Every structure is written in C-alpha cells, then in structure tokens.
Amino acid sequence: MTAILESALYVDDLDAAEAFYRDVMGLERIARVEGRHVFFRCGHGVLLLFDPAQTVKPPAPDARLPVPPHGATGQGHLCFAGTEDEIERWKAQLESRGVAIEADFRWPSSKPDEPSGGRSIYFRDPAGNSLEIANPKIWGL
C-alpha cells in the first residue's frame, strides 16, 4: 500500500456537513446523492461523508454498484496534514468562522535532535466528529 485513497465520516445532517466542508474547510465537492452521501476531494484523496442510516442498508440484488453495508455511530476522527504556518492560518480561519479550537499543542519529538514532534489543533464538525490539523512530523513524516 502507498496511501489511503478514501476516508469516511458519518454525519446526521448532510446539508450541514456539506456546508461546513465546502465553506469552512474549502474542499471541492465531487459527488452527492441526496439523503445518502456527499464526497469531497482533499489533496490526492477523497473524504466520504455518509448518512449511516442509509449506508447500513444492503444494496439491491441488481445494484450497479453493490457496495456492502457499512456505517458507524458516535464521533469519528480525521486528521488533515498541514505545515506549521498552515496550522496557524487554519486556526485563525476556524475561529473567525465561530469554530471552537478544543486543543492546540505540540507533540513530543521521537528524535533527540528535534525539540518538537509537530503541532496539532483539534475542532469539531457539525456532526461532532473530531477533526485535527497536524504537522506530519507527529508521525515522523
């Protein structure tokens, strides 16, 4: 494997989620099926937002795309990559849009010659999912 192609979060209000990820996060919408899902491009990957009440239903026997049932309940987590400067800009942007920053800290470094392993900020989407923007240094990347 070389990358994660898709990441999924489950939301209870597709309209609110779409507005947040489009207007606040600045992602490009690439697909929507009313009442079921909305998908966004994010760098070289795709963010899938699903209504779990719909995705737990099995596909019809003659479905063109027989995707197996899936879903989750509760608050999920997703982390976006950002440089130190991007994280600072995102923090200001989110706060200016009324999005509360729940945590802002630096991770310890796993390398003795580096004082910090990178920074993370945490906040929530309208469905309560925990979102993070972090410097890839937190994973040694």
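The protein chain contains three helices and eight strands, where helices (H or I, at least four residues) and strands (E, at least two) are DSSP runs numbered from the N terminus. Followed along the sequence, these elements come in the order β-α-β-β-β-α-β-α-β-β-β. The structure is a predicted model, in which local features need pLDDT of at least 70 and side-chain atom pairs count only at pLDDT 80 or more, while totals for chains, interfaces and linings use all residues. Residues are numbered from 1 along each chain as its sequence is written, and side-chain values use heavy atoms, with hydrogens and water left out.

Of the 141 residues of the protein chain, 33% are buried, that is, under 20% relative accessible area with a 1.4 Å probe and protein chains only.

Where is empty space left? Rolling a probe the size of a water molecule over the atoms shows this. A pocket is an open set of points on a 1 Å grid over the protein atoms alone, where a 1.4 Å probe fits, with protein on both sides within 12 Å along at least five of seven lines; lining residues have an atom within 4 Å of a point. The largest pocket holds about 730 Å³ of space, a volume being the space filled by probe spheres set on the points, which are joined across faces, edges and corners. Its lining has 25 residues, with C42, L78, C79, F80 and A81 nearest the centre. Strand β5 gives the most to this lining, with four residues. In the second largest pocket there is about 310 Å³ of space. Among the 14 residues lining the second largest pocket, R36, H37, P59, L65 and V67 are the closest to its centre.

Notes. Buried < 20%, exposed > 50% of the residue type's maximum accessible area, 1.4 Å probe, protein only.
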